[in-house]
Amino acid sequence: QAQKTNPSAKIAAGAVVCVESEIRGDVTIGPRTVVHPKARIIAEAGPIIIGEGNLIEEQALIINSYPENIMPDTEGVEPKSMTIGINNVFEVGCVSQALQIGDNNVIESKADLGRNVVLTSGCIVGACCQVNTCEVIPENTVIYGSNSMRRLQTERPQPQTLQLDFLMKILPNYHHMKKAVKVTSTPVRNQAVTH
Amino acid sequence: MSQRWVELRRREMASLLQPERVLYLVHGEKKIRSPLSQLYFCRYCSELRSLECVSHEVDSHYCPSCLENMPSAEAKLKKNRCANCFDCPCCMHTLSTRATNIPAPLPDDPTKTAMKKAYYLACGFCRWTSRDVGMADKSVASGGWQEPENPHTQRINKLIEYYQQLAQREKLERDRKKLARRRPFMPLAFSEKYGLGTRLQRTRPGAPITSLAGLSLKEGEDQKEINIEPAQALDEVEPLPEDCYTRPINLPEGTTLRQRLLQPDFQPAGASQLHPKHKHLLIKRSLRCRKCEHNLSKPEFNPTSIKFKIQLVAVSYIPEVRIMSIPNLRFQKESQVLLTLTNPVENITHVTLVACEEGDPEDINSTAKVMVPIKELVLAGKDAAAEYDELAEPQDFQDDPDVVAFRKSNKIGFFIKVVPQREGLGDVTVSFKIRHDFRNLAAPIRPSEEGDASTEAIWLTHHVELNLGPLAP
């Protein structure tokens, strides 16, 4: 199966990224991160840096897109980079455009995060909740319900280590993986390709 | 503007099968217009019944999450709450029990620790856990969770007892007065016998309870007098905190009105005091026709079963009209609307449609004139085995192609002509009467003189209203 070559995607060793996922643009993926097939990570208006231990499930969309009122060809628009911390979970079908996401967050199925939201740590955005305000969500917040009610929980969600280990073992049995591309400082004639 | 209309039309076509498009009129105490799927048919009275003209009776209580049946007496004792299941105080979802392993010292050897299971309650929807309010983890999976005790329980119970006694005393006095008045007219024994039936006595709301059975010969017995202290009015009220107006509000910390009022005992203002409550029980109810006292709907006793012991729903007796397609409707222009009629019974049904006359008191909603087919429509019986029977000859009904569009087993499609009479916004509604024959299988077969054993058909008429949507722009 021909691999879609994406020369600017930097996949660290130890990350499990399926070939059927769509990664476009300048994307860095940390080790121990699992990207399921049909997940989409699109860096249009700037690079995306994803930390380690993240779980990005099917049909999740992480996109660094241009704000709505700016055309892609406008001059003088600085590319803002999107950072995603460690141990986050992006469940099936969620859409995340938030530029800053901390650690240990869970974004449940079909949730929608706007560009100006800043998730700190331990937050849970419930299923089908839309958060497109311009604010910093405090730590350990749970957003749930059809009215997107909020409450604080006393403990942060546990990192999905068991799930991650299981997936890292099982996914390569059934899917082809994108090869890890190590970021090297010295240029060599062949691109350094390591598994 | 036309794009929006195209979108509206598309949505409208998808919604032609919505039940609220076709309404049947029910003659009861109130004239109710309701889709056929929500109506019942009393085959002893041969009339349509809606939920408002039947009496509802509680059949059984059950818990919606653990599906445990509970006899009514036990339910009343437990205040209609399940013993095992809890509701999340935050989002009212059902709580589930989760287990964690915690190291705990072994009872034999305090220095060594072993993994013991600890259970806590957690909500899958809003991620509330019992640890949020400080409830300790329990070592048993179920039965360890207690609701907090209401500090006013004793006072409330005492008040209830006192008022119950007072009410009984007042009832006795009232009955005694009534009896004293009635004695010249009728002896005591007769008035009970010729009084109204107990069921109707019970279901009449607001009527005074006239049963004289409460009048017992035990009046002389001394009932224990219960005294209560009157409530004390306090002059001093706790003052508001000083920073009441200046302190910034922390929304996630406070409780919403709904969360607060679901716990009427405590009504906590802070989210950290929201304790889980036991889950409310649901009931299965049976419906009874008010005129002939026959059961119209009786569910099965088992909570897991959705079937009915008695199910006299209207869709299995009355032919159902459905809208199939609507052309563009224009003001004062005639258009043809395609409707379908489905026959729910197994014998052939003859249906005649009659347009409403001028000044018909039931015809209050129609905004268009309608021309219905004059001829009688014949519907084939519902034959469940028809699709497997390949050798069956298709029945020849000789349909008029101007009237009948198609015929398919027990369903036909037919045309009506509609002329909208009202311009502007608002839906086009038409109404007409359906007259069909009904064979009552419930009535006892009377041996007729000719020795004819077939049941006689009676003709029923229903008033039907259709909502055809807005006019085309």
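Which residue forms a salt bridge with B:Glu57? The partner turns out to be B:Arg288, and the closest N and O atoms of the two are 2.8 Å apart. B:Glu57 sits in strand 5 of chain B and B:Arg288 in strand 11 of chain B, so this pair ties together parts that are 231 residues apart in sequence. A salt bridge here is a side-chain nitrogen of Lys or Arg within 4 Å of a carboxyl oxygen of Asp or Glu, while strands (E, at least two residues) are DSSP runs, numbered from the N terminus.

A word on the ground rules: the model is predicted, so local features need pLDDT of at least 70 and side-chain atom pairs count only at pLDDT 80 or more, whereas totals for chains, interfaces and linings use all residues. Residues are numbered from 1 along each chain as its sequence is written, chains are lettered from A and ligands numbered from 1 in the order in which they are written, and side-chain values use heavy atoms, with hydrogens and water left out.

How exposed or buried are the two partners? B:Glu57 counts as partly exposed, at 24% relative accessibility, and B:Arg288 counts as buried, at 16%. Buried means under 20% relative accessible area, exposed means over 50%, and partly exposed is in between (1.4 Å probe, protein chains only).

Strand 11 of chain B, residues 282-289, also holds B:Ser286.

Over all chains, a search of the whole structure finds 18 salt bridges. One of them joins B:Glu52 to B:Lys30, with the closest N and O atoms 2.6 Å apart. This pair, too, links distant parts of the chain: B:Glu52 is in the loop between strand 4 (47-49) and strand 5 (54-62) of chain B, and B:Lys30 is in the loop between strand 1 (22-26) and strand 2 (32-34), 22 residues away. B:Glu52 is partly exposed at 45%, and B:Lys30 is exposed at 52%.

Another salt bridge brings together the side chains of B:Glu74 and B:Lys78, 2.9 Å from N to O. B:Glu74 is partly exposed, with a relative accessible area of 31%, and B:Lys78 is partly exposed as well, at 32%. Elsewhere, salt bridges that share partners join B:Glu47, B:Arg49 and B:Lys291 into one network.

How values were computed
Helices (H or I, at least four residues) and strands (E, at least two) are DSSP runs, numbered from the N terminus.
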